[in-house]
Amino acid sequence: MEAERRVVVTGLGVLAPNGHGLAAFSDALRAGKSGIRFHQHLADAKFACQVGGIPEGVEELQNRYLTDEELRAMNPNMIYAAIAAIDAWKDAGLERLTHDSVAPDWDSGAILGTGIGGIDTIAEKLAPKTNEGKVSRLGSTMVEQIMSSGNSARVAGLLGLGNQVSTNSSACTTGTEAVVMAAERIRRGFAERMLAGGSEGHSKYIWAGFDAMKVLNRTRNETPAEASRPMSASAAGFIPGSGAGALLLESLESAQRRGARIYAEVLGGYVNCGGHRMGGSMTAPNPTGVQRCIRGAIARAGIRPDEIDLINGHLTATFADPHEIGSWAAALELSPERFPFVQATKSLLGHALGAAGGIECVASVLQLDQGFVHGSINCEDLHPALAPYAARIPHRSLDLPSLRVIAKASFGFGDVNGCVIFRKFVSEGPANGQVDR
Amino acid sequence: MNEQEVFDKVVNILKPFVRDQSALLQVTKETSILKDLKVNSARLVDIVLEIEDAFDVQVSDEEADRVRTVGDAVALIVDRKK
């Protein structure tokens, strides 16, 4: 068997509730800027949780990326994915093929996931017209907006992708799973470049089910920026978010051949499921499954646990946060003093569901590239179970030029887990050598 | 509404579906909706719906299938409005 190829990140795109584009997003991370706001449409629909994370300025932004013809067949989930994917593609220095180009790029593909997909289109257009007996009035754009693969399918056409194009869906693990799967495809030689990540629209229809489950925080409608409280003693549920994050993953050979800027290396990743056993269920993680996933990613990456400098956790602000840190501690077998830094990007964005992993992987790679650790807000009142780790949970951003390795994990409904290990790029190989940039 | 007004209104309806907007500069009654304006054929369904709404007419599937050019669409509407 041929040696596995190295996979690097050469492009990033992000559309988040607290910023669009790499400069605005990394500024927001550094500043601890919350993207959570009050939304009247949630109050009107009598949601208990009336705050959420929705990217701002998209109506204006979308016309710079998409034609009227394209937009009329796209819901927010697809629009967000398109903006992040085009940004990542261009950031990698790649050209966008026009519609009339003779052939697609056979070596480039996309795995862009979504958790809920186009349910807003179903609720607002498809179901009402169908129930009224007006099927003939639905027009031609329903299927492409409600098919699960709508987001990746649209991106394929926008960029002329000719390799595997697919949408994965594994609830809140989706974006991270996409990165793991896309990296694997490149590693095994089936593609040179893959866009990877996830997107999620914002809609009361996407969020209502979570509100009904009483897993959203209903106690901070008056103070939206304080509503998303991962790791806090006063955490009372997550805050729904939306947006998209996309990474352009590339074989090291291809990146070096093109002279591309390399942000980071994807050392390895792992996905699994706890099987709804050993304490796991549809909505709760089997801790053994979580630990096996983390250990699996570390083993695939070929590193020691103490080489991890920063954990970008799943950490949503439900009861599960202390259990998650417990699983990290069990998997890494490190004492609190030797524990990596821990952060919750969701404290700033809310939980963007199928987009969360993609956006948070972009946040992870940006921090590696720029050498900083963003603070986690709203956990000054740290959960008592996390007290031993207090010194490892920065509330304000700190510069950390020595930042080398980040472990990013996502865990989702269905008891599914994903973990990926990013490292600052070292050209000489995984075992030794100077840091290149 | 005279034929020119119908023509202008049809072109306006087609506008958002046309990928190459420059093709609209030379549009005549002979212009093919699919070949010249490069409208995605799947979107003809939407164009028919918009024509029905804009002119308050009903267009059957068979009639819609016979429309190839901008002029075909105009003729169909003018005939229906008589």
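This is a predicted model: local features need pLDDT of at least 70, side-chain atom pairs count only at pLDDT 80 or more; totals for chains, interfaces and linings use all residues.
A crossing of two helices is called right-handed if the near helix is turned clockwise from the far one, and left-handed if the near helix is turned anticlockwise by less than a right angle.

Helix α5 (residues 76-91) of chain A and helix α8 (residues 150-159) of chain A have axes that come within 9 Å and cross at roughly 40 degrees. This angle makes α5(A) oblique to α8(A), and the crossing in which α5(A) passes α8(A) is right-handed. On the α5(A) side, the residues that meet α8(A) are Asn77(A), Met78(A), Ala81(A), Ala82(A), Ala85(A), Ile86(A) and Trp89(A). Their partners in α8(A) are Gly150(A), Asn151(A), Arg154(A), Val155(A), Leu158(A) and Leu159(A). Sorted by class, the residues of this contact comprise nine nonpolar, three polar and one charged.

Helix α5(A) also packs against another helix, α3 (residues 58-65) of chain A, and here the two axes come within 10 Å and cross at roughly 55 degrees. That angle makes α3(A) oblique to α5(A), while the crossing of α3(A) past α5(A) is left-handed. Val58(A), Leu61(A), Gln62(A) and Tyr65(A) are the α3(A) residues in this contact, and they meet Ile79(A), Ala82(A), Ile83(A) and Ile86(A) of α5(A). The contact of α3(A) with α5(A) has seven nonpolar residues, one polar residue and no charged residues.

Turning to chain A as a whole, its secondary structure comes to 15 helices and 15 strands. The radius of gyration of chain A is 20 Å, close to the 22 Å that the globule rule gives for 437 residues, so chain A is as compact as a globular protein of that length. The C-alpha trace of chain A spans about 65 × 55 × 40 Å along its principal axes.

Chain A is divided into domain 1, covering residues 7-258, and domain 2, covering residues 268-423. The centres of these two domains, taken over C-alpha atoms, are separated by 21 Å. Their contact draws 61 residues from domain 1 of chain A and 55 residues from domain 2 of chain A. On the side of domain 1 that touches domain 2, at least two residues each are supplied by β1 (7-16), α1 (22-31), β4 (51-53), α9 (174-187), β7 (193-200) and β8 (243-251) of chain A. Helix α9(A) gives the most to this side, with eight residues. The class make-up of the domain 1 side is 27 nonpolar, 28 polar and six charged residues.

Chain B has a secondary structure of four helices and zero strands, and its pattern along the sequence reads α-α-α-α. For chain B the radius of gyration is 12 Å, close to the 12 Å that the globule rule gives for 82 residues, so this chain too is as compact as a globular protein of its length. Along its principal axes, the C-alpha trace of chain B spans about 30 × 25 × 20 Å.

Finally, the two chains touch each other through seven residues from chain A and eight residues from chain B. The chain A side of this contact has no nonpolar residues, three polar residues and four charged residues.

Terms used:
Residues are numbered from 1 along each chain as its sequence is written. Chains are lettered from A and ligands numbered from 1 in the order in which they are written. Domain bounds come from an automatic or database domain assignment. Ala, Val, Leu, Ile, Met, Phe, Trp, Tyr, Cys and Pro count as nonpolar, Asp, Glu, Lys and Arg as charged, and the others, Gly among them, as polar. Axes are lines fitted to C-alpha atoms, for helices over the stretch in contact, and angles run from 0 to 180 degrees between N-to-C directions. Angles under 35 degrees count as roughly parallel, over 145 as roughly antiparallel, 65 to 115 as roughly perpendicular and the rest as oblique. The radius of gyration is taken over C-alpha atoms; the globule rule is 2.2 Å times the number of residues to the power 0.38.
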